[in-house]
Amino acid sequence: GVLQTTEDRNLARVETRQKRAAGATEITDADVKGKIIEYAWWMQKQGYKLSTIKPRTQIIQRLARLGADLLNPENIKDVIARQTNWGDGYKHNMAVAYSSFLKMLGKTWDPPRYRIPESFPFIPLESEIDALINSCGKKIACFLQGLKDCGADPGELACLEWTDVNIEAKSVTIRHPVKGHNSRVIPVSDAFLRRLNAMPKNGNRVFCTVRGLRSNFISQRRHCARDLSNPRILKITFITFRHFKGTMEYHKTKDIIHVKQLLGHKCIQSTMIYINLEAALFQAESDEFTVRVAKTLDEACSLVEAGFDYVTDMEGGKIFRHRK
């Protein structure tokens, strides 16, 4: 099923008659297609997930359609270098996929070096996230609230089963991590639990596939952006909620190890982006806070319950703030 794509069907119509250096043997379209099928099967045997197998297979297919000699690394470099409309990030992915293709063949190469430009993901205001959640239908709203609470990858939350939800402990267990993440137990809000209780229990899983959820989400997001006259809503994607959670969690705790464990990262380098992101976001949006001063214990408790974060003591009062 991995290879049955339009690209695969078009592959047979592409002229890739190239000659090997040794023996001057022509490589036919069938040879190329066979190698690509072999590559997909090799990745599956190596334990790669479908989310990795499919895009890497498509990359090798694209190189073949561009007339590249898949057995000639120098020719691959030349083909990639000539694609002036490709960004360095995409070229880097091309090189990574071809490196694993060569590994299947028992070969190596000196891959080209492409520096992936650092870019900060879009982080919306919490009020924008909440407005989007509240504007969506029951299932999508529940899924979005879960993403906000857990900071999970969409593929991880989509695999959530009813047995993974602990109502008494107010937590969920991520048992199907993706992208090499760790399994973990994450506390969730009462709002998410209320939305879960309103969901129909038609099977073991709470939600459906990410693809099915995303198609409905895109339509509902468009309506929300139009109704609120806020085009920033259109920039919110499923993965935005994970970036929001990581940024806000680091802002509250300043504990990068805690954020790493929450997000399930195996490598701390994957989490370090939230240090720079938090610094840039809160420096640029320092005026996006509501500030309150509590003089008594009851006032402080009320502010905490309302979502305010403690900042410092000053002149006999406790200062709290909350993002607008």
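Which residue forms a salt bridge with K245, and how far apart are the closest N and O atoms? The partner is E249, with the closest N and O atoms 3.4 Å apart. The model is predicted, and a search of the whole structure finds 14 salt bridges. Three of these pairs are described below, together with the accessibility of their residues.

**K245 and E249, helix α11**
- Both residues lie in helix α11 (residues 238-253), and because they are 4 residues apart, about one helical turn separates them.
- K245 has a relative accessibility of 15% and counts as buried.
- E249 is also buried, at a relative accessible area of 11%.

- A salt bridge joins K148 to E126, and its closest N and O atoms are 2.9 Å apart.
- Through salt bridges with shared partners, E126, D130 and K148 form one network.

**R82 and D78**
- The side chains of R82 and D78 form a salt bridge with an N to O distance of 3.0 Å.
- R82 is partly exposed, at 48% relative accessibility.
- D78 is likewise partly exposed, and its relative accessible area is 38%.

Terms used: Residues numbered from 1 in each chain as written. Predicted model: local features only at pLDDT ≥ 70, side-chain atom pairs only at ≥ 80, totals over all residues. Heavy atoms only, no water. Salt bridge = Lys/Arg side-chain N within 4 Å of Asp/Glu carboxyl O. Buried < 20%, exposed > 50% of the residue type's maximum accessible area, 1.4 Å probe, protein only. Helix = DSSP H or I, 4+ residues; strand = E, 2+ residues; numbered from the N terminus.
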